Amino acid sequence: MATPSTDGRVSRRAMLRGGTLFLAAGAFAANAPWTDCAAAARDAEPDEGDDAKPLLRIGLVTDLHYADKPAAGSRHYRLSVERLERAVAEFDANAVDAIVELGDLVDAADSDKTELAWLRTINDNLAAAKAPRYYVLGNHCVDTLTKEQFLGGVAQEKSFFSFDVKDHHCIVLDACFRADGKPYGAKNASWDDANLAAAELEWLAADLAATKLPTLVFAHQRLDVTTKYAAKNAADARKLLEASQKVLAVFQGHEHKNDHREVEGIHYATLAALVEGGPAKQGEKETNAFAVLDVFAGGKLAVRGFAKQASYDWR
Ligand SMILES: [Zn+2]
C-alpha cells in the first residue's frame, strides 16, 4: 500500500486523485469540504481494480549462509533453517509464481562432503515450497564446492540463464568469475574479485535483444556500485541493461544490508541477509529477512519486506 505522507511522488498523485474526486463529487454535494488534502490522500489508497492486482509475484530471499556450526559474530548459521521455513510458508501463503534465492545459500565447510550435506539440509527446506525455484550463485556457494557440485546439489543446469513467467522475462546472472575469467570453485578465488564472464556479457546482450517482455534481473554481487561488493565489470552489465530499455529492476544480495538506488530508470535493490542476527528476544520483532515482489501492469513494482527486509513501493 502507498503511504501518501512519506513520499513526495505518491503525495502528488494523491492530490491529483483528490482533484478527480472533487470534480466527481461536486455534482452530488457542491458544499462538501472535498478540498481537505488529508481526506483526499486517504481516498487515494490504491483501489481494488485491475490496477491493484499483481500480474506476477516472486518470493525473494538471500544470504542464508546455512552451516551446521556455531554462530560467528552476527551470523547465526543454524537458525537459517527455521527462518527459511517461515519464508517458505509466507511464499506459499502468497501463492508466489517463482522463488529466486539470491546467493550464499550455504557457508563454507572444511570439506566438500560436509558442504554437500549442508546444502542438502537447507535446500530440502527451500524445495518444500510450492513455486519453482531459481538459484543465483553466491561466492560462498562456490567457495568449498565447484559450480558443478553446487548446481548438482540444487538440480539446476546453469549458473546464468533466463526464464519467462507470467509475461515477464527473468535473467539470473553469475558474477562468480575471477578477473582472469576462471570460474570460482574449490577455494580458488578471492570474494572481492567478482566478475561477469566475457561470454556471459555476450549472452546477456543477445538474451535481452531476443525478448519482448519487461525484464527483471537477479544477481548476487552488486551491479549498481563500484565498491568491493560489486562485480568489477558491473558498468559493462549496466550498459547492456540500460540499452535494452526492457529492464525494470535488479535484485541483488551479498552486502547483507538494505539498499536501493535508481540508475538510469532501473531500480537496484540490495536485500538484507536472512542469516544476520540472533534469536529475537521476547517482545522483539522476528529476526529474519525475505520479501515478496509484486509486478503490476505497466512495469510498476512493489517489494513487501518481512522482518528486517525493507519494503518499497515504486508504483
Ligand atoms: Zn553473504
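Predicted model: local features only at pLDDT ≥ 70, side-chain atom pairs only at ≥ 80, totals over all residues.
Reader: What makes β4 and β8 edge strands of their sheet?

Author: The sheet is open and holds 6 strands in the order β4-β5-β6-β7-β9-β8, with mixed pairing. β4 (161-165) and β8 (259-263) each have a single partner strand, so one side of each is left without a neighbour in the sheet. Neighbouring strands of this sheet are turned against each other by 20 degrees on average, direction ignored.

Reader: How do you know that β4 and β5 pair?

Author: Pairing requires at least two bridges between the strands. β4 and strand β5 (residues 168-172) are joined by 5 bridges in the antiparallel sense.

Reader: Why are α6 and α7 called roughly parallel to each other?

Author: Angles under 35 degrees count as roughly parallel. α6 and α7 pack at an angle of about 10 degrees, with their axes 10 Å apart. The two helices are therefore roughly parallel to each other. Leu201, Leu204, Ala205 and Leu208 of α6 make the contact with Asp236, Ala237, Leu240, Leu241 and Ser244 of α7. By class, the residues of this contact comprise 7 nonpolar, 1 polar and 1 charged.

Reader: Why does the term roughly parallel apply to α3 and α4?

Author: The axes of helix α3 (residues 80-93) and helix α4 (residues 112-127) come within 9 Å and cross at roughly 15 degrees. Since the limit for roughly parallel is an angle under 35 degrees, α3 and α4 are therefore roughly parallel to each other. Their crossing is right-handed. On the α3 side, the contact is made by Ser80, Val81, Leu84, Glu85 and Val88, and on the α4 side by Thr121, Ile122, Asn125 and Leu126. These residues divide into 5 nonpolar, 3 polar and 1 charged.

Reader: Why are α4 and α5 also described as roughly parallel?

Author: α4 and helix α5 (residues 147-154) pack at an angle of about 30 degrees, and their axes are 9 Å apart. The angle is under 35 degrees, and α4 and α5 are therefore roughly parallel to each other. α4 passes α5 in a right-handed crossing. Here Asp112, Leu116, Leu119 and Asn123 in α4 meet Gln149, Phe150, Gly153 and Val154 in α5. The contact of α4 with α5 contains 4 nonpolar, 3 polar and 1 charged residues.

Reader: What makes β3 and β12 the edge strands of the other sheet?

Author: In this open sheet, 6 strands follow the order β3-β2-β1-β10-β11-β12, and the pairing is mixed. β3 (133-135) and β12 (312-313) each pair on one side only. Strand β1 (residues 56-61) and strand β2 (residues 98-101) run parallel and are joined by 4 bridges. Ile99 in β2 is the bridge partner of Gly59. α4 lies across β2 and β3, running at about 145 degrees to β3.

Reader: How do you know that Glu286 and Arg86 form a salt bridge?

Author: A salt bridge requires a side-chain nitrogen of Lys or Arg within 4 Å of a carboxyl oxygen of Asp or Glu. For Glu286 and Arg86, the N to O value is 2.9 Å. The pair therefore lies within the limit of 4 Å. Glu286 is in the loop between β9 and β10 (289-296) and Arg86 is in helix α3, 200 residues apart, linking distant parts of the chain. The structure holds 18 salt bridges.

Notes:
Residues numbered from 1 in each chain as written. Heavy atoms only, no water. Axes fitted to C-alpha atoms, helices over the stretch in contact; angles between N-to-C directions. Parallel < 35°, antiparallel > 145°, perpendicular 65-115°, else oblique. Left-handed = near helix turned anticlockwise from the far one by under 90°. Contact = heavy atoms within 4.5 Å. Nonpolar A, V, L, I, M, F, W, Y, C, P; charged D, E, K, R; others polar.
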